[in-house]
Amino acid sequence: MVDPDYISKATPLFENLRTFLEPVYKLTPKANKVYLEFGCGQFGGYIHFWKNYFKHAYGLDIFDYSKNFESDVKFLHSADALTIPLPDRSVDFIASHSVLEHVIDLPHTLSEMQRVLKVGGVAYLTVSPLFYARRGGHIAGHTTWEHLDPESKWFMGSRTLDERPTVDHLNGLTNSRFLEAIGHHPWRLLKYDVRVETGLELPDFVKDGPISKMDLFTREFRCVAQKVADFDGDDVLVKHNAKNFIISEPS
């Protein structure tokens with residue numbers, strides 16, 4: 001069961017990634033590789049594009065949407081939103097769009113991605129909007145930093161599930177928090193773009209506050225990272241021959 005409107009909205013971002021990855025990742029139809037969409041949502045828009053490039057395609061979500069997926073996509077249900085129910089080093093490619101700002105424990109989620117990715121595997125991670133952006137509170141109909149207004153009931157994301165049934169958690173994700181978290185893993189950044197909104201006038205409640213203007217105007221990031229090594233304790237298990245990334249074997 002594929003929603004056509006959902007697919008049409010996913011198309012531009014998919015094309016952006018495909019254009020970049022085809023020469024880098026050597027995508028070929030039905031390659032003997034495994035794809036995982038982390039936070040696939042109700043319809044899994046990316047899966048319906050990428051499944052043709054991979055032998056196995058998995059969609060994972062905190063809610064059980066398995067009835068919406070046909071047999072060529074294997075749906076995985078992670079009710080605790082913390083674990084990826086796949087073996088170590090079993091996935092070649094992970095995609096996730098506008099999900100990481102909702103996870104309960106960002107470092108843990110990235111560690112799970114590190115665990116299931118094969119050495120040489122790639123993760124495509126995007127978030128839009130980031131928390132300090134003008135729509136970062138994910139409040140329908142509100143676009144001018146209202147979640148940062150001390151006078152607003154939405155201040156700093158304070159709300160109940162009854163008020164916002166489709167948004168159960170916001171972790172305050174920013175560029176710096178994301179980069180700090182991925183810095184704990186042996187990942188090579190193949191591409192990292194930030195999208196900045198211009199021509200916006202800051203409201204008084206943030207104009208002279210402690211939040212940097214870069215954070216306030218940065219709407220999203222798009223990250224393509226490659227796992228280049230794996231570890232067992234302090235010992236390197238395997239390395240990937242990634243250019244410009246050097247890992248020394250322990251003496």
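Author: Let's start with R89, which is partly exposed at a relative accessible area of 37%. One heads-up: this is a predicted model.

Reader: OK, so what does R89 form a salt bridge with?
Author: With D230; their closest N and O atoms are 2.8 Å apart. The two are 141 residues apart, with R89 in the loop between β3 and β4 and D230 in strand β8.

Reader: And is D230 buried or exposed?
Author: D230 is buried, since its relative accessible area is 6% and the cut-off for buried is under 20%.

Reader: How many salt bridges does the structure hold?
Author: It holds 11. One of them joins R115 and D88, again with 2.8 Å between the closest N and O atoms. R115 sits in helix α3 and D88 in the loop between β3 and β4, 27 residues apart.

Reader: Which residues are linked with R115 in a network of salt bridges?
Author: D88 and E112.

Reader: Switching topic: which residues of helix α4 are buried?
Author: N175, F178, A181 and I182. Seen down the helix axis, they fall within an arc of 135 degrees, so they line one face of α4.

Reader: Why would residues a few places apart point the same way?
Author: An α-helix has 3.6 residues a turn, so residues three or four places apart do that.

Methods. Residues are numbered from 1 along each chain as its sequence is written. This is a predicted model: local features need pLDDT of at least 70, side-chain atom pairs count only at pLDDT 80 or more; totals for chains, interfaces and linings use all residues. Side-chain values use heavy atoms; hydrogens and water are left out. Buried means under 20% relative accessible area, exposed over 50%, partly exposed in between (1.4 Å probe, protein chains only). Helices (H or I, at least four residues) and strands (E, at least two) are DSSP runs, numbered from the N terminus. The arc is that of the directions from the helix axis to the C-beta atoms. A salt bridge is a side-chain nitrogen of Lys or Arg within 4 Å of a carboxyl oxygen of Asp or Glu.
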